Amino acid sequence: MNSWSRSEKAARMADLPQAPAQLSKGAEADLQVDIEAHSVAADASQQRVCIIGAGKAGLVACKVLHERGIPFDCFETGSQIGGLWVLNSDSGRSACYDSLCTNTSKLRTCFHDFPMPEHYPMFCTHKQILEYLEAYTEHFGFREHITFRTEVVSILPSLKDVCTVITKDVETGKVQERQYGSVIAACGHHWDPLWPDLKGEFKGTMIHAHSYRSPEPFEGRRVLIIGGGNSGMDIAAELAQSGAARILLSCRRRVHVVPRYTFGKPTDTRLKPWLGVTAPKGLLQLGATAVIRLSRGSQERFNFPPPKAGLLRVHPTVEPGSGNILEMIRDGQVLARPGIQHVKGHTVHFVDGSKEEVDDIICATGYNVRCAFLPADCSVMENGKPELMHHIVHPKLPGVYFLGFIQAHGPMIPCFEAQMPYAADLIQGAIELPSEEEMRKQIAKQHELNRQSFAQIERLALLVEFHRYLLQLRLARCPQSKSWLGRRLWKTRTFMSFCAGNLC
Ligand SMILES: Cc1cc2nc3c(=O)[nH]c(=O)nc-3n(C[C@H](O)[C@H](O)[C@H](O)COP(=O)(O)OP(=O)(O)OC[C@H]3O[C@@H](n4cnc5c(N)ncnc54)[C@H](O)[C@@H]3O)c2cc1C
Ligand SMILES: NC(=O)c1ccc[n+]([C@@H]2O[C@H](COP(=O)([O-])OP(=O)(O)OC[C@H]3O[C@@H](n4cnc5c(N)ncnc54)[C@H](OP(=O)(O)O)[C@@H]3O)[C@@H](O)[C@H]2O)c1
């Protein structure tokens, strides 16, 4: 697609994915995709970009393309913007619950050129975030490019720089085939619940955190929550204050719990960009651990010891907005339990030999990371690791740019704002992708870096070091046309500017 040289394109023709992914049987019949037929419309569509999803990532994509004057269409399954910040979204993809508020401060979570309103609290409710995303969309004026209730069901990169995108009108079922020069996949990865493989048969009700909305259905009930991530702890803290009879929290691995504030300041504002990219990781970890210990005390004090792996080697859980979970554990409002050995009827047996009777289980066990519309032989994850250079480009799908397929010790908006200009530079040809072989080498390096930096737990496969990742993307945008000296100077200037706080 648009970032390959002609000879490379020819060499890769054989590797192009050959079939649209996962279509309903009825749709499949209508969608016999003929690659040669697409090439007729190639010239007209070469410049046009298709954006999949109008969540935070998709909105950043819209804004950047709109500003650069690149024509685009954005398709959104739901009937409004905002992605997972829409409660009870008709997209069916949002995990938003009534009490959800951000776990990243408004100072860090905002767009770089559109601050959050002053009257907003430091940690915002989902309603405020949605309102803020609406205001962003209005302010930058790209709403007319978004088509709602339209799902992208399949993309099929083909020859001559064209990607065929098949959309389905969610209301009427009408299927349409369109051609684009590039695709931005900003479809989120918190929609496909990952269920635990429990041994035995549970006779009570079991739901996934994805469908949890409010505590009322659990009043007077004995509830077990599985998973100590942000979902699990948020739900446990909320249920503990809402009349559930007994709340158990099962963590098969221990977790770090990070306070929202340390010494009166949001914890996530403490690490400055220059420190994030220059200080050795060991030192950062020591510093972060010390600040938290001095400010709040150690987790042992709350009978909830942290894991052996250091704070920055895992994805810590942020103290829930609805209450101090460590105090609840210490005071017995939430009963911490280890992993589950098996279940029988209403009895849950834990690996330490203890057992509990429960009515309901809420699996806050995270999500499968996948894109349903990709060609059958392409996946964002291969063997549990992201097959994406810079977490953006799949070597088999140049011209398709994935936004948001990362996790970081920090807010996501700055990550989208760093990813999108890199994708836009590629779309405009200011920079070029390396060869497929080189991309695979870079991906292997990235996996090695992840191995060295983080505990090797499946759910951390998308984890990046926040500031280092943002800088990596800034530097990857060095214009190809510059001389060796020009590149050196450009990179030095960019590094200095990044350290001063210009992250994208
Ligand atoms: C419960 C929860 C709380 C979180 N809290 C924070 C926080 O406090 N701070 C923070 O920085 N991050 C937080 N995150 C991380 C969060 O993922 C990001 O902040 C961000 O909202 C993700 O945006 P996104 O656009 O990538 O995905 P989403 O918000 O999921 O948006 C994707 C959009 O794409 C649409 N879509 C998907 N597939 C298709 C398709 N095939 N065709 C058309 N449309 C499609 C969906 O309908 C959706 O609207 C949280 C995550 C969860 C699950
Ligand atoms: N307030 C907020 O802002 C907020 C709220 C909710 C979620 N989020 C964000 O949303 C994302 C998803 O969070 P999440 O908590 O839903 O998922 P998550 O971060 O993937 O955590 C899943 C938890 O479930 C455990 N788990 C997974 N599979 C299990 C199994 N088979 N048996 C037992 N335990 C299992 C994991 O333990 P292991 O470590 O052992 O795998 C982990 O503790 C994160 O980025 C999070 O920050 C934010």
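The structure is a predicted model, in which local features need pLDDT of at least 70 and side-chain atom pairs count only at pLDDT 80 or more, while totals for chains, interfaces and linings use all residues. Residues are numbered from 1 along each chain as its sequence is written, and chains are lettered from A and ligands numbered from 1 in the order in which they are written.

The domain assignment divides the protein into domain 1 (6–191 + 368–499) and domain 2 (200–363), with bounds that come from an automatic or database assignment. Taken over C-alpha atoms, the centres of domain 1 and domain 2 are separated by 30 Å. Their contact takes 26 residues from domain 1 and 24 residues from domain 2, where two residues are in contact if their C-beta atoms, placed from the backbone, lie within 7 Å. On the side of domain 1 that touches domain 2, at least two residues each are supplied by α6 (106–109), α14 (466–475) and α15 (484–499). Of the elements on this side, α14 gives the most, with four residues. Helices (H or I, at least four residues) and strands (E, at least two) are DSSP runs, numbered from the N terminus. By class, this side of domain 1 has 14 nonpolar, nine polar and three charged residues. Here Ala, Val, Leu, Ile, Met, Phe, Trp, Tyr, Cys and Pro count as nonpolar, Asp, Glu, Lys and Arg as charged, and the others, Gly among them, as polar.

Two ligands come next. Around ligand 1 there are 32 residues, of which G53, G55, G83, G188 and G404 come nearest; a residue is near a molecule or strand if its C-beta atom, placed from the backbone, lies within 6 Å of it. Two or more residues of this shell come from each of α5 and β4 (150–157), and α5 gives the most, with three residues. The shell around ligand 1 is made up of 13 nonpolar, 15 polar and four charged residues.

Ligand 2 has 25 residues around it, and P196, G227, G229, S231 and G366 come nearest. Helix α8 (residues 230–240) gives the most to this shell, with four residues. Both domains take part, as the shell around ligand 2 draws at least three residues from each of domain 1 and domain 2. Its residues comprise eight nonpolar, 13 polar and four charged.

Now to the helices. Two packed helices are described by the angle between their axes and the distance between the axes. Axes are lines fitted to C-alpha atoms, for helices over the stretch in contact, and angles run from 0 to 180 degrees between N-to-C directions. Helix α5 (residues 56–68) packs with helix α12 (residues 413–428) at an angle of about 45°, their axes being 9 Å apart. The two are therefore oblique to each other; angles under 35 degrees count as roughly parallel, over 145 as roughly antiparallel, 65 to 115 as roughly perpendicular and the rest as oblique. The crossing of α5 and α12 is right-handed. A crossing is left-handed if the near helix is turned anticlockwise from the far one by less than a right angle, and right-handed if clockwise. In this contact, K56, A57, V60, A61, V64, L65 and R68 of α5 meet I413, F416, E417, M420, P421, A424 and Q428 of α12. The contact of α5 with α12 contains ten nonpolar, one polar and three charged residues.

Helix α12 also packs with α14, at about 15° and with the axes 9 Å apart, which makes α12 roughly parallel to α14. The crossing of α12 with α14 is left-handed. Here P414, C415, A418, Q419 and Y422 in α12 meet L470, L473 and R474 in α14.

Helix α14 in turn packs with α15 at an angle of about 145°, with their axes 10 Å apart, in a right-handed crossing. L471, R474 and L475 of α14 and K491, T494 and F498 of α15 make the contact.
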